[in-house]
Amino acid sequence: MPRDHLKGVKSHYDVIVVGSGLAGMTAANILARAGRSVLVLEQHYRLGGMATWFRRPRGNVFDISLHGFPAGMIKSCRRYWNDDIASRIRQIKAIHFDNPQFSFYSSYDKGDFLDKLVNHFGVERQTVDEFFAAIERMQFYDRDVATTRELFMEFFPDRPDVWRLLIEPIAYANGSSLDDPAITFGIVFSNFMKKGVFIYEGGSDDLEKRMKIEMERNGVDVRIKALVERIIVEGNEARGVMVNGRMIESRIVISNAGLKNTILRLVGELHLPAAYVNETRKVRLNNSSCQVYIGLKAGKSIPFLGDLFFTSTCPEFDSDRLCAMHVTSRTYSLYYPNIRPGTDRYTIVSSTNANYEDWVGLTDDAYAVEKRRLVETTLDALEGYVPGVRNRLDWVEASTPLTFEHYTMQMEASSFGTKFEGLKVSMDLPNHVSGLFHAGSVGLIMSGWLGTINYGVIVANKAESHLARQGAHCEQH
Ligand SMILES: Cc1cc2nc3c(=O)[nH]c(=O)nc-3n(C[C@H](O)[C@H](O)[C@H](O)COP(=O)(O)OP(=O)(O)OC[C@H]3O[C@@H](n4cnc5c(N)ncnc54)[C@H](O)[C@@H]3O)c2cc1C
């Protein structure tokens, strides 16, 4: 008989969380800590969603999305997880750039940006100060609709080299382009610039383990291989979910299963006003990703090339070419043994932004050819920086948007949720179905590890207020 992954599950919880991405787990942890009964349902055999990892037979462990996040993660993890998790977050040493316009190392903080912009690029000090002041003033609720292109035109006209320094890492960090609202660049960039770039020491496997322990300590019932087929809505209220063919009831459902997926597939348009469904359909998804995972043999090493290495052969920053199948720009995440203290292994993950539609229509043969090309061209490019690296390798494989779609069920395998307009649709959901919330990468700002965790916190607080209101209502009757 197949194993019952829902064995022992209760028939009713205060809150059901669909999906165990960083937003889903954070919301679950906060609500359980507040004394609510919480069930997390994850369709995969592992927790974490995109914040995940895998191990290969001869000992290489690969991280998927642990490349860098802002210092704010320390505070968020301390407040909403625990001191133990927060204490493992470390600043990375150096970010390395190499492209036709510039080549240098950076600590990616305010002091170093000032130095680079003034002394390397020759920008007036006053212009740099005014630019920093402008982005530090940006607020989440700003109504300013200027684009990042317009922001750069204002401060650095005719300086495509400066534009590239400012936008290229952010395009990798949240999928934003020059034509997205300037706040989606400014807020994320100033978050990084405050103190530099940070990483979790121990790797995503260690983080997953510690988050699971913390959730269970707070009483969260965590189930893997639990596919939610439907969110049950009666009248305009959430009533629970259908999971692995079984109904489980709850007054609150928090869906971490992607914004459009939640609204259009798990709830279904029959339960929602047509205008809201139309607005949801119009939400644009962000780009997807390809990665090449490169593991070195035990005892083999590479020299220090920075922790994150942004490379490109493209003459200037170009959002379309950044996602094109025939890759010109790669970001290498270089994992030296200190990422997993106690091991002596080196791994490299090469990431490129990608378009889902380029990969989804391929025949099986063409898909295999393109995947092989991705691996070979990446190794060729890496040889340029680490001659002879091919001879030191133990394991190489690649993932494409189809891989991400398979493991996370994200629509079009979007790496960073939706474009800006998705945030309003996400926040409006409980106004259309009482007790139903979406938590997860959305709106460019609320994406990436920090943005997603913080959005999980916002949603947990709204869910808690909803439960408290319902409690008061029940007591009155
Ligand atoms: C290649 C790559 C590199 C990245 N690099 C960085 C980086 O360096 N720094 C950074 O900050 N961020 C990075 N990110 C982004 C970051 O990983 C994501 O923004 C974040 O992890 C998304 O979390 P989430 O909560 O939105 O959901 P997800 O991680 O998408 O998780 C959703 C979960 O829901 C589950 N699910 C979906 N449907 C169902 C269902 N019907 N039933 C049950 N479960 C379901 C999925 O299996 C999944 O586990 C990267 C992402 C990618 C793909």
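1. Start with the ligand. It is surrounded by 40 residues, with Gly19, Gly21, Gly49, His67 and Gly448 the closest; a residue counts if its C-beta atom, placed from the backbone, lies within 6 Å of the molecule. Helix 1 (22-33), strand 14 (288-296), helix 15 (401-408) and helix 17 (448-476) each give two or more residues to this shell. Helices here are DSSP runs of H or I with at least four residues, strands are runs of E with at least two, and both are numbered from the N terminus.

2. A word on what you're looking at. This is a predicted model, in which local features need pLDDT of at least 70 and side-chain atom pairs count only at pLDDT 80 or more, while totals for chains, interfaces and linings use all residues. Residues are numbered from 1 along each chain as its sequence is written.

3. What is the shell around the ligand made of, by residue type? It has 23 polar residues, 16 nonpolar and one charged. (Ala, Val, Leu, Ile, Met, Phe, Trp, Tyr, Cys and Pro count as nonpolar, Asp, Glu, Lys and Arg as charged, and the others, Gly among them, as polar.)

4. Now the domains, whose bounds come from an automatic or database domain assignment. The chain splits into domain 1 (12-45 + 224-284 + 417-476), domain 2 (53-91 + 198-204 + 287-408) and domain 3 (109-195). Domains 1 and 2 both give residues to the shell around the ligand, so the ligand lies between them.

5. The largest nonpolar core has 130 residues, and Ile16, Ala27, Ala28, Val38, Val241 and Ile254 touch the most other members. Such a core is a set of buried Ala, Val, Leu, Ile, Met, Phe, Trp, Tyr and Cys residues joined through C-beta atoms within 7 Å; buried means 20 or more other C-beta atoms within 10 Å of a residue's own. Helix 7 gives the most to this core, with nine residues. Leaving out residues up to four places away in sequence, Ala27 touches Val17, Ile254, Ala439, Gly456, Val459, Ala460 and Ala463.

6. Last, helix 6 (residues 148-155): its buried residues are Thr148, Leu151 and Phe152. Seen down the axis of helix 6, they fall within an arc of 95° (taken from the directions from the axis to the C-beta atoms), so they line one face of the helix. These buried residues pack against helix 7 (160-174) and helix 8 (182-195).

Conventions: Buried ≥ 20, exposed ≤ 12 C-beta atoms within 10 Å, placed from the backbone. Contact = placed C-beta atoms within 7 Å.
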